[in-house]
Amino acid sequence: MTDRAHIFTAMQALLDRDSSREGLCAVLVVRLRGMREAQLRFGYGFGNEIMLAARERIVEIVRHIDKVFVAADDTFLLLLPAVRNRTHALLAATRLVGAFDEPLMCGSRPWHGRAVIGAAMHPEHGAAAELLCRRAEIAHDEALRIGEPFAMYQPDNTQVEILYGELREDIEANRLQVYFQPLMDVRQQTITRVESLARWNTQNHGEVAPVDFIPFAERSDLIVPLTRWSLNASLRQAAALHRAGSPVDVAINLSPRVFVEQGFAEQMLGALDIWGVPAESVIVEVTETALLTDLDMSVRVLRRLRDRGVRVAIDDFGTGYASFAYLRHFPATELKIDRTFVDAIIEDARTEQLVRAMVEVAHRLGMEAVAEGVENQETLDRLMGMDCDMVQGFHIGRPVPADSFVTQRLAGVAIV
C-alpha cells in the first residue's frame with residue numbers, strides 16, 4: 001500500500017520551498033475510472049501495468065518541474081509549482097484528461113479508461129499538503145457528482161468538508177444518532193419493519209448529510225467502526241421493542257468493506273445474542289456494488305449469516321451491475337427496487353413493466369420484493385396491483401429518531 005504520509009511530507013517540503021517564489025501551486029488528484037473493473041477482469045498485475053503506463057503518459061504531459069506521485073491503485077497526486085492562476089491549473093487538468101482519450105497499451109492489450117480530476121490551489125485553499133489533497137479530493141467528488149471531467153475546489157459551493165478526526169471521535173463517543181424509517185407490509189397494511197439510518201450532527205458543521213459523511217467514511221477506514229456503531233445502536237432500539245412485546249424487523253446497511261474484516265459474521269451474530277434480538281428479525285442490506293467488489297468474500301460472509309437466520313437484501317436493485325448469474329449465487333432473501341424506477345411507474349409505462357418484472361423475478365426466486373421511494377397513494381396502488389411485498393417512502397413514513405419511534409410504537413401511536 002502506498003504510504004500517503006510519505007507523499008504528504010515530500011509535497012510539504014516542495015510547497016515550503018516554493019512559497020517564496022512568484023506564482024501559485026496547484027495540487028491535483030487524478031483518478032482513473034475503470035481501474036477496479038480492469039483488475040477484477042484481468043488481475044492485479046494488469047492493474048499495475050495500467051498504472052505504469054498511465055504514469056508515463058502523465059509525465060509526458062506535465063512540465064519537468066511538476067511532481068507526480070502514485071497514491072493508490074487508481075490515483076495519482078500531482079504538485080504543479082509556479083502556476084499563474086486557476087485557469088492555468090485547469091488547463092493542465094484539461095490536457096491530462098485529453099491524454100487518456102487514446103487507450104493505454106498494457107502489453108498487447110489496450111485499456112480504455114478516463115481520468116477525473118479535482119484541483120486545489122496553494123495558498124488560497126490551504127498551506128498544508130494533506131489539507132490541499134483533501135480539498136482536491138472534494139473537488140474530484142464534485143466533478144463526479146456533476147458529470148464533469150474536472151473541478152476546482154470551491155469552499156462556498158462544494159459539499160461540507162468533513163474532518164477525519166471529528167467523525168472518528170463522534171463514532172467512538174456515540175454522538176451519532178440512529179433513525180428508523182418504517183416499511184409497510186402491503187398485504188397486512190401494517191408497519192412490520194424499519195430501516196436503520198445514521199445521522200450526524202457536529203459541533204463545527206451542524207447537521208452533516210449522510211450523502212456527505214458516509215462516502216467519506218467509505219473512502220477512509222472509518223466505515224468499519226461506523227458499521228459496528230450502527231449495528232449496536234440499531235439492535236439496542238430493536239431489543240427494547242422485542243422486550244415490550246411489540247417487535248419489528250430491522251434492516252441495517254452493510255458496506256462491502258466490512259466483509260474483509262476477520263470474523264465479522266461472528267461479531268454480528270454475537271451482537272444479536274448480546275442484545276437478545278432474534279436473527280430472523282434482522283435484514284442486512286448490501287448494494288449491488290458489493291457484488292462486484294468481492295463476490296466470493298461477500299457470499300461467504302452472507303451465507304454464514306443466512307445459516308443463522310439473518311435475512312439478506314440487495315439494495316438499490318436495478319441501478320448497478322447485478323446480473324442473473326449474481327442472483328443465482330448470492331444468498332439474498334429480498335430485492336429492494338430502487339426509487340428511480342418506483343418514482344417513474346406512474347408516468348412511464350415501460351418503467352412500470354420493468355418494475356413488474358422485477359417483482360416477478362423476486363417471487364420466482366423465492367424472495368420478497370421491496371419498493372423504495374413510495375411518495376403517493378397512486379404509486380402505492382400500482383405496487384399493490386403488482387403484488388409487491390413491502391413498500392418504503394415518505395408516503396409510508398419519514399425517518400424519525402429511533403428512540404422516538406420506539407416510544408410512539410409502545411404508546412400505540414400510528415406511525416403511518
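Mentor: Start with the largest cavity of this predicted model, which holds about 90 Å³ of space. A search of the whole structure finds one cavity of 30 Å³ or more.

Trainee: What makes that space a cavity?

Mentor: A cavity is a set of points where a 1.4 Å probe fits but cannot get out. The residues that line the largest cavity include I61, V62, R63, D66 and H88.

Trainee: Which element gives the most to the lining of the largest cavity?

Mentor: Helix 4 does, with five residues. Strand 3 (75-83) and helix 4 (86-99) each supply at least two residues of that lining. By class, the lining has seven nonpolar residues, one polar and three charged.

Trainee: Strand 3 is also where A82 sits. Why is A82 called partly exposed?

Mentor: Buried needs under 20% and exposed over 50%. A82 has a relative accessible area of 41%, so A82 is partly exposed. Its backbone deserves a remark too: A82 has a positive phi of about 55° although it is not a glycine. N174, in the loop between helix 6 (164-172) and strand 8 (177-185), is not a glycine either and has a positive phi of about 60°.

Trainee: How many aromatic pairs does a search of the whole structure find?

Mentor: Three. One of them is formed by F42 and F46, with 5.1 Å centre to centre and 65° between the planes.

Trainee: Why is the pair of F42 and F46 called edge-to-face?

Mentor: Rings pair if their centres lie within 6.5 Å, and planes over 60 degrees apart count as edge-to-face.

Trainee: Are F42 and F46 buried or partly exposed?

Mentor: F46 has a relative accessible area of 6%, under the 20% limit, so F46 is buried. F42 is at 35%, between 20% and 50%, so F42 counts as partly exposed.

Trainee: What makes the pair of W200 and F213 edge-to-face?

Mentor: Their ring centres are 5.7 Å apart and their planes stand at 75°, so the pair is edge-to-face. This pair links distant parts of the chain, with W200 in strand 9 (residues 190-202) and F213 in helix 7 (residues 210-219), 13 residues apart. W200 and F213 are both buried.

Trainee: How do you know that R109 lies over the face of F46?

Mentor: CZ of Arg must be within 6 Å of the ring centre and within 35 degrees of the ring normal. R109 is listed over the face of F46, at 5.2 Å from the ring centre. R398 lies over the face of F394, at 4.0 Å from the ring centre.

Trainee: Why does N232 count as partly exposed?

Mentor: N232 is at 32% relative accessibility, between the 20% and 50% limits, so N232 counts as partly exposed. N232 is found in helix 8 (residues 223-243).

Trainee: What is N232 in contact with, leaving aside its neighbours within four places in sequence?

Mentor: A271 and W275; contact means heavy atoms within 4.5 Å.

Trainee: Where is the cis peptide bond with omega near 5°?

Mentor: That bond runs from H122 to P123. P123 lies in the loop between strand 6 (114-122) and helix 5 (129-146).

Technical notes
Residues numbered from 1 in each chain as written. Predicted model: local features only at pLDDT ≥ 70, side-chain atom pairs only at ≥ 80, totals over all residues. Heavy atoms only, no water. 1 Å grid on protein atoms, 1.4 Å probe; cavity = no way out; pocket = protein on both sides within 12 Å on 5 of 7 lines; lining within 4 Å. Points joined across faces, edges and corners; volume = space filled by probe spheres on them. Helix = DSSP H or I, 4+ residues; strand = E, 2+ residues; numbered from the N terminus. Nonpolar A, V, L, I, M, F, W, Y, C, P; charged D, E, K, R; others polar. Phe/Tyr/Trp six-rings, centres within 6.5 Å; stacked < 30°, edge-to-face > 60°. Buried < 20%, exposed > 50% of the residue type's maximum accessible area, 1.4 Å probe, protein only.
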